[in-house]
Amino acid sequence: MTTVIKINQQQQEHCDLCKRSLRIKIIRGNPIKFEIYGNSTSKYGGLFCSSYCTLTYTKNIEKKKKNQQVNLS
């Protein structure tokens, strides 16, 4: 029987935009361990499951910043 170790509490498990699972790398062994790897980030921070989520998040932040600048003018 194989035991699976959960991700450390400090590691993020879900996309910041859509809340789907992030990509993981399974490390063989007994017990099986896995780690988060190969996920996209944006210049505004965050960890995302795909480039689509990264671009959507970036566009949303830039749109909010633009609207704030217009409202301050």
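Guide: L55 has its place in helix α1. Here helices (H or I, at least four residues) and strands (E, at least two) are DSSP runs, numbered from the N terminus. L55 is exposed, with a relative accessible area of 53%. The cut-offs are these: exposed is over 50%, buried is under 20%, and partly exposed is in between, with a 1.4 Å probe and protein chains only. In space, L55 comes to 7.7 Å from S42, C-alpha to C-alpha. Along the sequence these two residues are 13 apart.

A word on the source. This is a predicted model, where local features need pLDDT of at least 70 and side-chain atom pairs count only at pLDDT 80 or more, while totals for chains, interfaces and linings use all residues. Residues are numbered from 1 along each chain as its sequence is written, and side-chain values use heavy atoms, leaving out hydrogens and water.

Which residue of the chain forms a salt bridge with E62? The partner is K43, and the closest N and O atoms are 3.4 Å apart. A salt bridge needs a side-chain nitrogen of Lys or Arg within 4 Å of a carboxyl oxygen of Asp or Glu. E62 belongs to helix α1 (residues 51–72) and K43 to the loop between β3 and β4, so the pair ties together parts that are 19 residues apart in sequence. E62 is partly exposed, at 33% relative accessible area. K43 is exposed, at 65%. Searching the whole structure turns up one salt bridge. As a rule, side chains of opposite charge can pair when their charged atoms come close.

Strand β3 (residues 40–42) and strand β4 (residues 45–48) run antiparallel and are joined by two bridges. Strands count as paired if DSSP finds at least two bridges between them. Together β3 and β4 make a hairpin, with two residues between them. S40 has F48 of β4 as its bridge partner.

F48 also takes part in a ring pair. The search gives one aromatic pair. Ring centres of F48 and Y57 lie 4.9 Å apart and the planes stand at 45°, so the pair is tilted. The rule covers rings of Phe, Tyr and Trp (its six-membered ring) with centres within 6.5 Å; planes under 30 degrees apart are stacked, over 60 edge-to-face, and the rest tilted. Buried or exposed, what is F48? F48 is buried, with a relative accessible area of 0%. Y57 is partly exposed, at 22%.

C49 sits in the loop between β4 and α1. It counts as buried, at 11% relative accessibility. Leaving aside residues up to four places away in sequence, C49 touches C15, C18, R20, S21, L22, R23 and N39. A contact means heavy atoms within 4.5 Å.

K19 is found in the segment before β1 (24–27). Its phi is near 70°, a positive value in a residue other than glycine. K19 is exposed, with a relative accessible area of 54%.

Then the other hairpin. β1 and strand β2 (residues 33–36) run antiparallel, joined by four bridges. I24 stands opposite I36 in β2. I27 has K33 of β2 as its bridge partner. This hairpin has five residues between its strands, and there G29 takes a positive phi near 150°.

Now step back to the whole chain. There are one helix and four strands, in the order β-β-β-β-α along the sequence. Of its 73 residues, 16% count as buried. Take the contacts between residues at least 6 apart in sequence: 42% of them join residues at least 24 apart. The accessible surface comes to about 6000 Å², and carbon and sulfur atoms account for 51% of it. These areas come from the Shrake-Rupley method with a 1.4 Å probe; for residues, only the protein chains shown count as cover.

Last, confidence. The chain averages a pLDDT of 83, and 84% of the residues score at least 70. Over residues 1–5 the pLDDT is below 50, and this stretch has 11 contacts in the model beyond near neighbours in sequence. The pLDDT is the predictor's confidence in each residue, from 0 to 100.
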